Amino acid sequence: MDSVYKHSPAWNVSWLFIFLAGFSLFFSDIEIISLEPWQELKRLFMGLLTPDWSNLSEIGEAFLQTLAFAILGVAGGSFIGFLLAQIFHWRWIQISCAFIRAIHELFWALIFLQIFGLHPLTGLLAIGLPYAATFAKVYAEILEEGDKSALQAVSRDASRISTFFYARLPDLWEHFKSYTSYRLECGLRSSAILGFVGLPTLGYTLSSAFMEGHYSVVWALLLLFYLLIATIRYWVRPALLPLYIIAAPFIIANDSTISFDNVQRFFTEDIIPTPIMRGESLSESWHWLSDLLINQALPGIANTVVLTQVALVASGILTLLFFPLISTHFFKPAGRTLGHVLLVILRTTPEYILAYILLQLWGPSMLPAIVALALHNGAIIGHLIGRYSTEIQLRVDASRGLNRYLYELLPRLYGQFLAFLFYRWEIIMRESAILGILGIATLGFYIDSSIQELHFDKAMILIFITALLNVLVDTLSRYLRAKLRLRTNVDCRASNDYCTAKE
Amino acid sequence: MILLQSETASYQGVKTLHDIDLQVSEGEKLALVGQSGSGKSTLIKLIYEHYPVNTALVPQDYGLVNNLSVYHNVYIGCLEKHSTFYNLVNLVRPRPEQVEIVRTILTGLQLEEYLFRPVGRLSGGQKQRVAVARSLFQKGHLLLADEPVSSVDEQQSRVVLKQMLNGFSTVVLALHDIQLALAFCDRIIGLEKGRIVLDSPAEALTAKDLLSLY
């Protein structure tokens, strides 16, 4: 049987995805619309040389707000998630969490804005709710996969709480801690982009600076944000966290109040489908629904899938180009430092901000979204694979250069590479949908327009469809990973860096 | 005290014990001997499942928490005897009255200098003695220990076994060391392929009699 050369399943799956992406490209609109895109890009990078810190109080306020929302949202999410993890074996908890996770923070923010207005609760829930659902799942996995021998040695009469704190938490603490601190970093990014829908965080200041063409201020904000994330391990200290958590509510407090009429109206009128509100006949209701599905949901889904598939493959290609930059097998320390700087910047910048910047420069088409998603995700997976490659020991007589890449490293890394890429698949899809808010015709575009037109009933149905699409891709990705026997073990979460791929 | 009648047991889906009839009275010191895979561990587990109350257990994999100190690992033996609140306080700030009891036990096992060292930083033999210390702290009617001295040297084995036999009236030990079994226990149970093939008072046996089991 083995006398004929056969390609591996991983090879076949890779080409399937490449063909799908190529096919999708036919249906995507990729163009540069603005008149002088490169001129504008040049102006943007000139701003890097002259970062403008003059408006320090405004910048400081934006950062305080970003930090406070992130810390409170993640802390609350982690606490609730921890409790949910204890009952995560209940099927309906798993399903609810999967569904809540599948809806992006920005969509949650759009929903809560209708209910609570600009009250701080909007930002807190927008981060806290999806984060709690993610924490529940990952904490439950940590508990499930952890060593249980200590637990089995404890008397069954000991109270559940005592047993947990003595026989489980101490040895799993590091896992919980590293995953939670990684999520705090994600929380900072989420908090920053909430500014794009009107919360007083970094995104708000950034987008207004951008609109006014103050590129020096844009860079001042971005550089400070990189600094904040790069130094996270120095200012996030167990002893300081309580202080932050106590201070944060005072920072995010504002004088807006929750209108209970609003809350009530949202649940009893706004989100009830119009035909039901008006008591229309079945055929009229069907007309309403089919109009929504055909004219908004369908094109939205098609564009979201097209963008996701192209961005996924582009991320993969960039990963394979990026990882040698930081691998000890290819570059000397000086070169690797440059590679690290590039990858850190690309993965620290939220893809939403990257897409926003490119969109301003090149005009609205899928191109800025594809480039932003590919750069961000390629940098994340490239970093992980690069780190992983460094652990591989090559024999002294191993080939060099391209031969080493193709014969020694790629074959050893390819399984891990695909595993990480498929992990990110669902995340890329969630981002693809959300980038619609910037004007690309994915689901987010139709959701945002419905909200602008005060059609919350339509928006809710579209958000529901988006969530279903995400759950579907998540299931598909899990199926593929199992089929290809790609490794997915607890070690993925053991170090902070590996978590990045796992979400 | 213990009464098993035609019991069978499976380990990871494979039947490892057949037709076990065993009666143990209060005060007996039993040694289970036999090759590895003969069913000693499974029999220990089987007895524990039938008599979990007031029984101290030293499992083969110790069941220790690596990030907790030796003191806390020993204290786990008595979690159910204190309120949850007391346990949580003790986790953060060891209670002096408990520390003293644990220290005495550790001294008997030549471990007192490691009282507050995380278990993860101990050697294999030290970990094994921590598991034994937990059972001594726990107390009870019955001690079930699965190869409790497999990782400690000859001299220490004798010290540890002596402590265990003094601490409990009824003891069931799985031991692969025939000399120790004959020296410390008063009744020997021989296992082969999941069946009891020998049950005799220790004084009626010599090491040579037991060699046939191996």
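1. Strands β3 and β6 of chain B pair in the parallel sense over four bridges. Helices (H or I, at least four residues) and strands (E, at least two) are DSSP runs, numbered from the N terminus, and two strands pair if DSSP finds at least two bridges between them. Within this pairing, B:Leu30 stands opposite B:Val172 in β6(B). The model is a predicted one, in which local features need pLDDT of at least 70 and side-chain atom pairs count only at pLDDT 80 or more, while totals for chains, interfaces and linings use all residues. Residues are numbered from 1 along each chain as its sequence is written, and chains are lettered from A and ligands numbered from 1 in the order in which they are written.

2. Strand β3 (residues 29-33) of chain B also has a parallel partner in strand β7 (residues 187-192) of chain B, to which four bridges join it. On this side B:Leu30 stands opposite B:Arg187. Five of the five residues of β3(B) are buried, so this strand is largely enclosed by the rest of the structure. A residue counts as buried if 20 or more other C-beta atoms lie within 10 Å of its own, as exposed if 12 or fewer do, and as partly exposed in between, with C-beta atoms placed from the backbone. Both faces of β3(B) are covered, with B:Lys29, B:Ala31 and B:Val33 on one side and B:Leu30 and B:Leu32 on the other.

3. Strands of a sheet pair through backbone hydrogen bonds, either parallel or antiparallel.

4. Strand β5 (residues 142-146) of chain B runs parallel to strand β6 (residues 170-174) of chain B, and five bridges join them. In this pairing B:Leu143 stands opposite B:Val171, and B:Asp146 stands opposite B:Ala174. Four bridges join β4(B) to β5(B), again in a parallel run, with B:Thr55 opposite B:Leu142.

5. Five of the five residues of β5(B) are buried, so this strand is largely enclosed by the rest of the structure. B:Leu142, B:Leu144 and B:Asp146 point one way, and B:Leu143 and B:Ala145 point the other way.

6. Chain A has 23 helices and zero strands. Its C-alpha atoms fill a box of roughly 75 × 75 × 60 Å along the principal axes. For 503 residues, a compact globule would have a radius of gyration near 23 Å, and the 24 Å of chain A agrees with this; the radius is taken over C-alpha atoms, and the globule rule is 2.2 Å times the number of residues to the power 0.38. Buried residues make up 45% of the 503 residues in chain A.

7. Among contacts in chain A between residues at least 6 apart in sequence, 78% join residues at least 24 apart. Two residues are in contact if their C-beta atoms, placed from the backbone, lie within 7 Å.

8. Helix α16 (residues 333-348) of chain A has 16 residues, which at 1.5 Å a residue should span 22 Å; its end C-alpha atoms are 22 Å apart, which agrees. The expected span is 1.5 Å times one less than the number of residues. The buried residues of α16(A) are A:Gly339, A:Leu343, A:Leu346, A:Arg347 and A:Thr348. They pack against α10 (215-230), α15 (282-322) and α18 (366-390) of chain A.

9. A:Ala126 is placed in helix α6 (residues 120-145) of chain A. This residue is buried, with 28 other C-beta atoms within 10 Å. Leaving aside neighbours within four places in sequence, A:Ala126 is in contact with A:Glu105, A:Trp108, A:Ala109, A:Phe112 and A:Leu194.

10. The contact between the chains takes 18 residues from chain B and 19 residues from chain A. On the side of chain B that touches chain A, the largest share, four residues, comes from helix α3 (residues 84-92) of chain B.
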